[in-house]
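Dear colleague,

I am handing over the structure we spoke about, and I would be glad if you could look through it before reading my notes.

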Amino acid sequence: MSLRDTIAALLGLAIGGAFIFMSRNIGAGGMFPRVVAGIMVAASLGLLAKAFFRPSAIAPMNREEILRVTASVVLTLLYIAAVAPLGFIVASLIFIPATAYTLGLKRHIMIWVTTVVFVASVYLLFQAIFGTPLPRGLLLDQF
Amino acid sequence: MIENIFNSLILILQWESVAAMVIGTIIGMIMGALPGVSGTLAVALAIPFTYELSPLTALGLLAGIHNGTSQGGAIPAVLLRIPGTPGAICTTWDGYPLAQQGHAGAAIQLSAISSAVGGMIGALSLVLLAPPLASVALAFGPAEIFWVNVFGLTAIAAMLGDDILKGIIAACFGLLLGTIGLDESTGMERFTFDRIELLNGLSMLVVMVGLFSFPPSWEMAQKTVGGAVDTFKLVMTKGVWKVQQVWRAWWKSSIIGIIIGILPGSSISGFIAYAEIKRTAREPEKFGKGSVEGLACAECVNNADNAASMIPALTLGVPGGTIAALMLGALMIQGFQPGPQLFRESPQIVYGYAWQMFITSAMLVVLGGVVASRLFAHLLRLPNVLLLPLIIVMTVAGSFAAQNSMWDVYIAFGFGLIGLGMDRLGLPIAPVIIGMVLGGKAEFSLRVALLLTQGDPMPLFTRPICMVMIALTLLMLSYPLIRRGVAQLRAWFT
């Protein structure tokens, strides 16, 4: 049995089932989502059956790879949470080196020069060329 | 048509459009040269920047990136045997051996010129083949349009993944995401959970950016630091290849690229063209050991199918691949509805885009030569773990800029997690976005068709074009069985 295919099938069943349930009170507008969700449920059942008889092979990540990917996801989450209060510039100036160091890069000059040049370029590109202000942060918003 | 072709040429030669094409091609080449950054990721990252641009400037930028990444992918393929983009896999087979023989400069020059030739022929096919197809498609009624969309979605689901059931699940997920928001016909809210932000539905741009930008960046963390440092010296040796040696490979692979590129969901043109050119080559034994014909074919076909994949996208509204789906998304963000009407209502957009694909292909000869490659070779020294946060920062800035809202950033992050999960579960991501692109149109066509037949579904199955599309859809659904059968037959005979 393939655990991955089973999980994919169960998720498909859950999402399809949820949409069928939620579309019961929408009237005519619920017809299309119901049909699509029905097809999704049928395909998921097919995948579930297939998972038992003919599992598909996907290269698994090893423990270190999982840790590294998880670390990058968590750092991204923290970065996104920090953008609004700290502002785009400050949050990015912290995030880029933090990620590089966490994932094992130790070339300080490369990291800091790249960070400063890149953040300044992105900020100027949005601010000056596209006229789209990026978040300034709670502190700068006071001024 | 001729008048529209010339008028659109004048429009795209305005300085904003020319600047966008040059910048797009350079950016595309740089990003394509970075291992792990695919054309899809490059286009997805660029779409938020096109929000504020005029339509032809935006399309010029994206056309440049599309063609540029295809050629940029050849640089690490030749220098390091690392395909910068999936399309450059065949390039490694002959490009790297040529580099090992001391001809890295000539190999990169040949790949740039071959990409340019393929791209220009592909762009011409867009001008020549798309209008007649659009004229035919204009005769389609709502029922036919519904089945064309079903066929497009089935083709993508069947051919873009290893498992058609997973493709169907992903496509249905995309279709369901497309139903979130106010129902256009009844005005009723659907799946909004009383969130005002969801009334207009999920922003396609944000979903695209989230699904295509976050997962590949996070997956870059899998590899330890390292980095591609040992690049060959780009010495330009003359006489390594001649036009007389490669022109057959150019036109044959261009035609193969165009034919296969038109088919929705096909991503195998490179392999088919390589096999065909090798089969008919004068010296097939050189293939895989540094054949100039092999390298010319691999790069030519890559760029030939770039424009060809836009033919079904622009004429029928059915994207031929992931990047074509992103391009359709970009067109819709600009307020255009892809499909046969686009040729009648905004011909300058269609022909202007074809010109831009042609011109950005031609630019590869100038921008993709050895001098540029020397510059890009330095980029190969940028470690993945530093590239990762840079892409994340771009993604966050782009998602925010769409509507100046952190809500979009949170949604993009959420879809990034969904994309990562799908990737690990072996669910293809492209059908999700294609489902979102096609869903609204498919639903609208179905409802209008049923309205016209006063609720009777039978005409949906009995009209001639509908029957053809249903037959093609069933053929696509049985594609995995056919593929398995062919493989078994081949194994049996060998």
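Predicted model: local features only at pLDDT ≥ 70, side-chain atom pairs only at ≥ 80, totals over all residues.

For the complex, the predictor gives an ipTM of 0.91 together with a pTM of 0.77. Chain B has a mean pLDDT of 81, and 90% of its residues reach 70 or more. Over residues 227-232 of chain B, however, the pLDDT is below 50, although this stretch has 16 contacts in the model beyond near neighbours in sequence. Among the elements of chain B, the highest mean pLDDT, 92, belongs to helix H20 (residues 406-424), while the lowest, 62, belongs to helix H18 (residues 370-379).

Chain A is divided into two parts, with domain 1 covering 3-53 and domain 2 covering 63-141. The C-alpha centres of domain 1 and domain 2 of chain A lie 38 Å apart.

Where the two chains meet, chain A contributes 55 residues to the contact and chain B contributes 48 residues. On the side of chain B that touches chain A, the elements giving two or more residues are helix H9 (164-178), H10, helix H19 (384-403), H20 and H21 of chain B. Of these, H19(B) gives the most, with twelve residues.

Helix H10 (residues 204-220) and helix H21 (residues 430-452) of chain B have their axes 10 Å apart and pack at an angle of about 175°. Because angles over 145 degrees count as roughly antiparallel, H10(B) is roughly antiparallel to H21(B). From H10(B), the residues B:Met204, B:Val207, B:Met208 and B:Leu211 meet B:Val432, B:Ile433 and B:Met436 in H21(B). The residues of this contact divide into seven nonpolar, no polar and no charged.

Finally, there is B:Gln100, which lies in helix H6 (residues 89-100) of chain B. In sequence B:Gln100 and B:Trp247 are 147 residues apart, and in space they are 24 Å apart, C-alpha to C-alpha.

With best wishes

Notes: Residues numbered from 1 in each chain as written. Chains lettered and ligands numbered in written order. Domains from an automatic or database assignment. pLDDT = per-residue confidence, 0-100. Helix = DSSP H or I, 4+ residues; strand = E, 2+ residues; numbered from the N terminus. Contact = placed C-beta atoms within 7 Å. Axes fitted to C-alpha atoms, helices over the stretch in contact; angles between N-to-C directions. Parallel < 35°, antiparallel > 145°, perpendicular 65-115°, else oblique. Nonpolar A, V, L, I, M, F, W, Y, C, P; charged D, E, K, R; others polar.
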